[in-house]
Amino acid sequence: MELGTQLLQYLLSGLATGAIYALIGIGFSIIYNATGIINFAQGEFVMLGGMVTVFLLKAHHLPLWAAIPLAVLIVTLVGFLFERLAIRPLRKATPISLVIVTIGGSILLRGLAMLIWDKDTHSLPSFSGDDPITVAGATVLPQHLWILGITLVLITLNKWFFSHTISGKAMRACSCNPRAAALVGIDVRRMVLFSFVISAAMGALAGIIVAPLTMTSYDVGGMLGLKGFCAAIIGGMSSGLPTVLGGLILGVLESLGAGLISSGYKDAIAFIILLLILFLRPQGLFGKPESERV
Amino acid sequence: MGGAKELLKYGLFAATILLAPYLFSGSYLLNVLVFAGINTLLAVALNLLLGYAGQISLGHAAFFGLGAYASAILTTTYDWNPWTAMAVAALTVGALAFAIGFPVLKLKGHYLAMATLGLGIIIQIVFNEWVDMTDGPSGFSGIPNLTLGPLTFDSDRMNYYLVWIFVLGCVFFSLNLANSRIGRACRAIHDAEVAARVVGVNARLLKVQIFALSAMICALAGSLYAHVMTFIAPSSFGFTVSVELLTMVVIGGLGSIYGSFLGALLLTLLPEFLSVMHDYEIVFYGGLLMVMTIFMPDGLVRVMPALCRRLPSLRRAKEDADA
């Protein structure tokens, strides 16, 4: 294969993985913007999405079209319970205690998944076959197109929710200033709960659509979560387009790095980008610097 | 160290540690206690950073690993004297942490947590991928035991004393540090960084210094671990280990040196003696982290005395109610 085609190939598969990172990153941003919390358990929602679907398919023999919405529903419920049982009861909600609680939650969910199911890697069937499609010499799988399509739909829905519905606007108000939002009658706690529910649902969907490509197991959440966070950091913790671009950039860089440099260090690329952005441009690649509030 | 009471407490602690091997027989328990000692070093190191300076790190296992690999490679591949290698490893890791500390500790809260987590993962990837140096995922073997004159630290009892003497030194040093000007400045940063800076604490430098010190202690623990085990693998220095350390510190109580000892001891002994726990280990750690943070944010060390004080009054209240 000549270099041009090869690059196109890396670009295409990078965009598909990048779309997944973008969805996970938006999950991080939604919670962060509503609450100021970085939810370290975000990756576990992604893992649960894939694993619950596998379980529903294999153990309960549900068809794929029924298993997917049911799995999203179950994971959303987990997100709901997580907020109710772990975040809300916290009396001293300092950043450090929130980090520790969400890490605890993440480890707990991972452990429970291991106990309920197993330590094996599972695959999910592709949504519409595995016959590759040729695009200018490079090949894409139908699943890549599903990922890009579903991501596009979700991002549009997300955008619509935050700019055109009362709940979405209320959540944006909470992110600007929770006290002021409470004063105009917004139930801030409910918005916090909402943000966990929406993030869990998005994470679950991301986990489901990526599972046919990369397989899934009880411990995929950690890495996927961190990369999603990296996407959100590139996008300056925005729950819109910048984070989507962040995810796509990360996905493409990773795929190029793995193809052209070394696949062993592939995972390190995301973290080096993460550190560089945090050190040099903590406001994200596209944001304007903010002055520190004391 | 402040006052006779503190000294007495430390004396009792040291005496218990030194006499402990004579109180029970069986080398299995001693073997477990060697690892409890190494974990105590790590937990105290993390606590200096987290409990005193209020800065979280989710990558401390990487410093532990750097110390272990530095000692292993220098003594095995390059035939260095182990004690020299240990000192060089600790100083190098300290210097490295000092250098990366400046950009890393500029970050706060969640961002700091993520940055240290990323750093830890990058270092672990290097352990796995730099096969020429580290022998990769299958691990590095053939590390020599430490020797000192006629003594060779190859039995459980010898290793017990080796590790715990380091622990006693580290605890003594940390207690002194906590009660010094530096310790007070750290707590000021913890409570209100801006206020501390206003009264003249060089917060930025101090945080980086504590970070470097903490990394050095971890590297030292790593060197000891390498020589005690004589075999190391990247999986011993991953994110899970960082979370375990965090759990030890949180259980014992943030900002309590003896608390970290208690946390390390509990979390090392429990899994060994509850054999059913092996499968449930990560559920246990996760659940414990959540329950402790939600219900006992001050840790065992502070909750137990409070409970003891309350017990008599509770009993009295019950008797009154009965009467």
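B:Asp135 sits in the loop of chain B that runs between helix 6 (131-134) and strand 1 (140-141); helices here are DSSP runs of H or I with at least four residues, strands are runs of E with at least two, and both are numbered from the N terminus. This is a predicted model, in which local features need pLDDT of at least 70 and side-chain atom pairs count only at pLDDT 80 or more, while totals for chains, interfaces and linings use all residues. Residues are numbered from 1 along each chain as its sequence is written, and chains are lettered from A and ligands numbered from 1 in the order in which they are written.

What makes the backbone of B:Asp135 worth a look is its phi, near 65°, a positive value in a residue other than glycine. Most residues other than glycine have a negative phi. B:Asp135 counts as buried, because it has 20 C-beta neighbours inside 10 Å. The cut-offs go like this: a residue is buried if 20 or more other C-beta atoms lie within 10 Å of its own, exposed if 12 or fewer do, and partly exposed in between, with C-beta atoms placed from the backbone. B:Thr230 also has a positive phi without being glycine, with a value near 60°. Its place is the loop between helix 10 (203-229) and strand 4 (231-232) of chain B. B:Thr230 has 15 C-beta neighbours inside 10 Å, so it counts as partly exposed.

Zooming out, chain B has 14 helices and 4 strands. Its C-alpha trace spans about 75 × 55 × 40 Å along the principal axes. The radius of gyration of chain B is 20 Å, which agrees with the value near 20 Å that a compact globule of 323 residues would have; this radius is taken over C-alpha atoms, and the globule rule is 2.2 Å times the number of residues to the power 0.38. Of those 323 residues, 48% are buried. As for contacts in chain B between residues at least 6 apart in sequence, 78% join residues at least 24 apart. Two residues are in contact if their C-beta atoms, placed from the backbone, lie within 7 Å.

Inside chain B, helix 3 (residues 60-76) and helix 4 (residues 82-104) pack at an angle of about 140°, and their axes are 9 Å apart. Axes are lines fitted to C-alpha atoms, for helices over the stretch in contact, and the angles run from 0 to 180 degrees between N-to-C directions. Helix 3 of chain B passes helix 4 of chain B in a right-handed crossing. A crossing is right-handed if the near helix is turned clockwise from the far one by less than a right angle, and left-handed if anticlockwise. On the helix 3 side of chain B, the residues that meet helix 4 include B:Phe63, B:Leu66 and B:Gly67; among those in helix 4 of chain B are B:Pro82, B:Ala85 and B:Met86. By class, this contact of helix 3 with helix 4 of chain B has 12 nonpolar, 4 polar and no charged residues. Ala, Val, Leu, Ile, Met, Phe, Trp, Tyr, Cys and Pro count as nonpolar, Asp, Glu, Lys and Arg as charged, and the others, Gly among them, as polar.

Chain A has 11 helices and 2 strands, in the order α-α-α-α-β-β-α-α-α-α-α-α-α along the sequence. The radius of gyration of chain A is 19 Å, close to the 19 Å from the globule rule for 294 residues, so chain A is as compact as a globular protein of that length. Buried residues account for 50% of the 294 in chain A.

In chain A, helix 2 (residues 42-60) and helix 4 (residues 95-116) pack at an angle of about 20°, with axes 9 Å apart. These two helices of chain A are therefore roughly parallel to each other (angles under 35 degrees count as roughly parallel, over 145 as roughly antiparallel, 65 to 115 as roughly perpendicular and the rest as oblique). Helix 2 of chain A passes helix 4 of chain A in a left-handed crossing. A:Gly43 is one of the helix 2 residues that meet helix 4 of chain A. A:Gly43 also touches A:Gly222, which lies in helix 9 (residues 221-234) of chain A. A:Gly222 touches B:Phe239 as well.

Finally, the two chains meet in a contact that takes 34 residues from chain A and 31 residues from chain B. Helix 5 (109-129), helix 11 (239-252) and helix 13 (277-295) of chain B each supply at least two residues of the side of chain B that touches chain A. Helix 5 of chain B gives the most to that side, with 12 residues.

Technical notes:
Lists of a residue's contacts leave out its neighbours within four places in sequence.
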